[in-house]
Structures are given as C-alpha cells and as structure tokens.
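Keep the sequence and the structure open as you read.

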Amino acid sequence: MGQYKHISKLLKAVAVCIMTAAPAVAAQTPADTVLPGLTTLEQFRQMALQSNKQLMMSRERIKKAGYQNKEAFAAYLPGIDFTGGYLYNQRELSIFDSDQLLPTKSFNPKTGKYEFNLVTNPETGMPIKGPDGQYVPSTVALIPKEAMTYDIHNVFFGAITLTQPIFMGGKIVAMNKITRAAERAARELHTAEAENVIYAVDAAYWQVVSLKAKQKLAQSFVNLLDSLSQNVHRMLAEGVATRSDVLSVDVKLNAAQVDLTKVDNGLVLSRMALAQVCGLPANCRFTLADEDNAMPALQPGIEPEGGYDMENVYANRPDLRALEQAVEVSRQQKQVALSSMLPQIALVGSYEVSNPNMFDGFKKRFKGAFSVGAMVSIPLWHWGGNLNKYKAAGADEAIRRLELADARELVNLQVSQASFKTKEAYKTYEMTTVNLAKADENLRTANLAFREGVATTDNVLEAQTAWLKAHSEQIDASIDVQLCQTYLSKALGTLYR
C-alpha cells in the first residue's frame, strides 16, 4: 500500500499546508470550467483514464509492440530487393595490348590431322625455329587490337533478388514469440498503470468528500460555540457567569472559526488536486455525488474476508502477468542464442541485367538472366563465444523466474496486509459509530445540565470538543474503509477490468 498511502499523505500534507496559510484561496472566476450535475467517482475515474499522460504513453507502447510483432512475422516471408546503379569508367576495356598474330593450321591427308603451317628448310624439309626458339609460322591470322577493345565508359546494371529463409536455427520462431510476449507485457503494464491512476483518483476523491464533511462539521461546531457564547454573555449580564467563562468560550469560538477557515482552504486545494489527477483545469468547478451527504456513505465493496485463492490472485494481477511475459522473453532469447550455434539455410534467386552486356557479344543494350541457388552457413569454431552467450541467456532466464517467484511472495504478503487493514478499518468504523452516539448523548445531557444550572461552561466545552472529535473520527474511519476496499481490490487484481 506504500505508494498509494504516499499519494493520500501527499494530498493531506498539501491540505495542511494550505490550512496554515494566512489568506484564503481566491474565489472562482467567471472563466472557470463547470461540470454540470453531480459527478460520481466512476465518472472521475473514466476522465482520469482518458487524460492521463502515462496511460497515453503505455497505449503507444502497445502499438509499438504490435508493429514489432508484425515486423518479426515478416521474417517468415521471402524478401525481395532491387539493386541498381550506374558506373562511369575513365578507360576502355582492351583484352590485348597490341595487334595479335595467330598461327594457322591446314589439314594433312596423310596423317588425317590439322597441322600448323610452318616455314620449312627447303633442303631438309624440317620446320625452322626463330631466334626465340619457337617455330616460325608460314601463315598467320591477324586479330587487331581494336576488335577486342570495348567501350565501358558508361555502365548500367540492376538486379532483383529474392531471399527465402529455410532454416535459421529457430531464430525467426523465437523472435516472433518474443515480440508477441512483449506485446502482451505492454498490455499488462498498461492495466497496472490504470490501476495506479484509479487509486490516485479514489484517494483524491475521498479526500474532497472527507474535507467537505469536516467543513460542515466545523461549521456546526462554530454554530454550537456561537450559541453558547451568546448564552454566556447573557448570563454574565445577569450576574450568573464570570468574565473567565466568557473569555473561555470566546477563545474556543475564535479557534473554531480559524479551523473552519483552514478547512475551507484545504477543501479548495483538494478539489484542485482531484481536477489535476483527472486532467481537468485547476479552476474547474464540480460537485461530487458523495460530498453533500450528512455522513460519507459506505459504498459496496469487497468483503475483507481471508482465504483467497492465491492462484486466482496471481492470474488476475497484471504486474505478475507482465513478469510472466518477461520470463517467456528470456526463454526465447536463450533460443535465439542457441540459433547462433546451428546451421542456417536460405534459398536465393535473382534476375540481373546490365548495359553493356556480354551474353551475345559485347553489345550496348540491356539484357539479363535468372540465377537460383541456396546458401548454407554452418558455425564451426568461435572459441566458446556462442556457447557462453547461450549460457548467459540461460542465467538471465533463471533470474527472471526468481524475480517472478519473489513477486508472488510479495503479492501474498500484500493481500494478507490489505485484507487485515480492511477488516481493521471496518472495526474502527463500527467503534466510531458507537462513540458518536455516546458523544451526541453526552452533548445533549451537558446542554440540558447547563440550562438547568448544574453544569459549568467548561463541562459544555468538554462535551462539545468530544462531540467534534467523535464526528471527525467517524469521517476519517469512513474514508479509510473506502480506500482500504479500493486497495484490497487492487491487491486482488480486480480493480481494473
């Protein structure tokens, strides 16, 4: 109940600060925003849920997680990419550095084979070798350098490539499970944040109701003291009261008027705090459905009985469900680490075009061709790097599971404490009801005795002070029951559905 009590204490501290200020809060201006009719607690909750910036951010996180889930699913499908470009080359491409002379062959009927045409010695008939030790051909074929020179100053190229993953070591499947778990976790965190907002609204709402009731109580106390002051002044004039009696009542009356002013100021500030929590302007004017009751009515809520089925509580708690998704994410991250040690297979197909092309000679026009193949990547040795990565992921999963177990233990304690505090709040309220009846009767008998002359002003002042304390304690007890019921509902995971 820590942070929620902190919110309530903060509101009360703000009220105390305004109570100690000398000037009263200025009256509302004509430009104030006005909510028509009576505004219920549920309406304030809905306004806060719609306008809270933290909830807006969590809704965007849910959208982001959804987009990431779709992104991960796209990895199952083939990827199609286009690559194109232009390249300017300074020089032309030449296969030869000069004209080329190639020896020729003639068919020899005697051998039935093609033989080189060589220069022979007329006397011996044997081929003659040149200075370089090579035979000298009698005929040659000329290949000019220009015939094997190609213009590649301007080159255009393009390719459409299709890549279809076949087996990636389970990485794609794991990534899809991770993104789905992340999306579910984002939704659970949104629910948890909504519960925090609802509790903050309830704390601010019942703070206003409490101060409104105490304002009426303070006004009634001032009226009682004012009536007593008039009676004591008349008794002083008749000589049946002393000046000390008059001063005692007047001092008490002045103190009560100061307290009433402080409560008035605190009520204005509490309304501002409620407006801020609900996203309304600070100068917004509204009337709470419960603020004009003679006594804050106990709203129907969860009966503070023990013996809750903790498995159901665990299933209802959004924070625990978010931790469960974190465990799933860490488990799948371990699978991703494992995939780095497994083979990966992909099918690749492409269609490539270029200009100039070399499919039919070297021509300056676009022409292309298909190619299909497969790629296999098999990790062999990485000095234990991938294995240690896998072990680290396993340790992270163990940490997440321990965090979940620890959180469940804390939730168990939280439910027990919330149930106990709710039962104690009910008991306190019942006792304050009994004390209130006694204080009312005590004040009635004190006033009657004072009129009969058998009681002093001190007796009446004591009875009035006890009456004020009894009423104030019952108001506090009533509000405490409301907040304990809300907190118990939050502890059980049923506050926001």
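Is Asp 319 buried, partly exposed or exposed? Asp 319 counts as partly exposed, because its relative accessibility is 29%. Buried means under 20% relative accessible area, exposed means over 50%, and partly exposed lies in between (1.4 Å probe, protein chains only).

This is a predicted model, in which local features need pLDDT of at least 70 and side-chain atom pairs count only at pLDDT 80 or more, while totals for chains, interfaces and linings use all residues. Residues are numbered from 1 along each chain as its sequence is written, and side-chain values use heavy atoms, with hydrogens and water left out.

## Salt bridges

A salt bridge here is a side-chain nitrogen of Lys or Arg within 4 Å of a carboxyl oxygen of Asp or Glu. The whole structure holds 18 of them.

| Asp 319 | Arg 317 | 2.8 Å |

Arg 317, the partner of Asp 319, is buried at 3% relative accessibility. Asp 360 is partly exposed at 35%, and Lys 367 is partly exposed at 33%. Asp 396 and Arg 400 both sit in helix H8, four residues apart, about one turn of the helix. Asp 396 is partly exposed at 22%, and Arg 400 is partly exposed at 26%. Helices (H or I, at least four residues) and strands (E, at least two) are DSSP runs, numbered from the N terminus.

Salt bridges also link Glu 42, Arg 45 and Asp 202 into a network. Arg 45 is one of the buried residues of H2.

## The nonpolar cores

A nonpolar core is a set of buried Ala, Val, Leu, Ile, Met, Phe, Trp, Tyr and Cys residues joined through side-chain atoms within 4.5 Å. The largest has 43 residues, and those with the most contacts inside it are Phe 44, Tyr 205, Leu 274, Phe 286 and Leu 288. Among the elements that give two or more residues to this core are helix H2 (41-51), helix H5 (243-277), strand S10 (285-288) and helix H9 (457-491). H4 gives the most, with 12 residues. A second, separate core has 22 residues, including Leu 217, Ala 446, Phe 450 and Leu 461.

What does Tyr 205 touch, leaving aside its neighbours within four places in sequence? Its contacts (heavy atoms within 4.5 Å) are Thr 39, Thr 40, Leu 41, Phe 44, Leu 274, Leu 288, Ala 289 and Asp 290.

Helix H2 has Leu 41, Phe 44, Arg 45, Ala 48, Leu 49 and Ser 51 buried. Their cover includes strand S1 (34-39), helix H3 (53-73), H4, H5, S10 and H9.

Thr 486 is found in helix H9. It is buried, with a relative accessible area of 8%. Not counting residues up to four places away in sequence, Thr 486 touches Arg 45, Tyr 199, Asp 202 and Leu 495.

His 190 lies in helix H4 and is buried at 11% relative accessible area. Beyond its neighbours within four places in sequence, His 190 is in contact with Leu 55, Ser 58, Arg 59, Ile 62 and Tyr 496.

## Aromatic pairs

Rings of Phe, Tyr and Trp (its six-membered ring) pair if their centres lie within 6.5 Å; planes under 30 degrees apart count as stacked, over 60 as edge-to-face and the rest as tilted. The whole structure has 11 such pairs. Tyr 86 and Phe 156 form a tilted one, 5.0 Å centre to centre, with 45 degrees between the planes. Tyr 86 is in strand S2 and Phe 156 in strand S9, 70 residues apart. Tyr 86 is partly exposed at 45%, and Phe 156 is partly exposed at 36%.

Tyr 199 and Tyr 487 pair edge-to-face, 6.1 Å centre to centre, with 75 degrees between the planes. Tyr 199 lies in H4 and Tyr 487 in H9, so this pair ties together parts 288 residues apart in sequence. Tyr 199 is buried at 1%, and Tyr 487 is buried at 3%. Ring pairs also link Phe 44, Tyr 205, Trp 206 and Phe 286 into a cluster.
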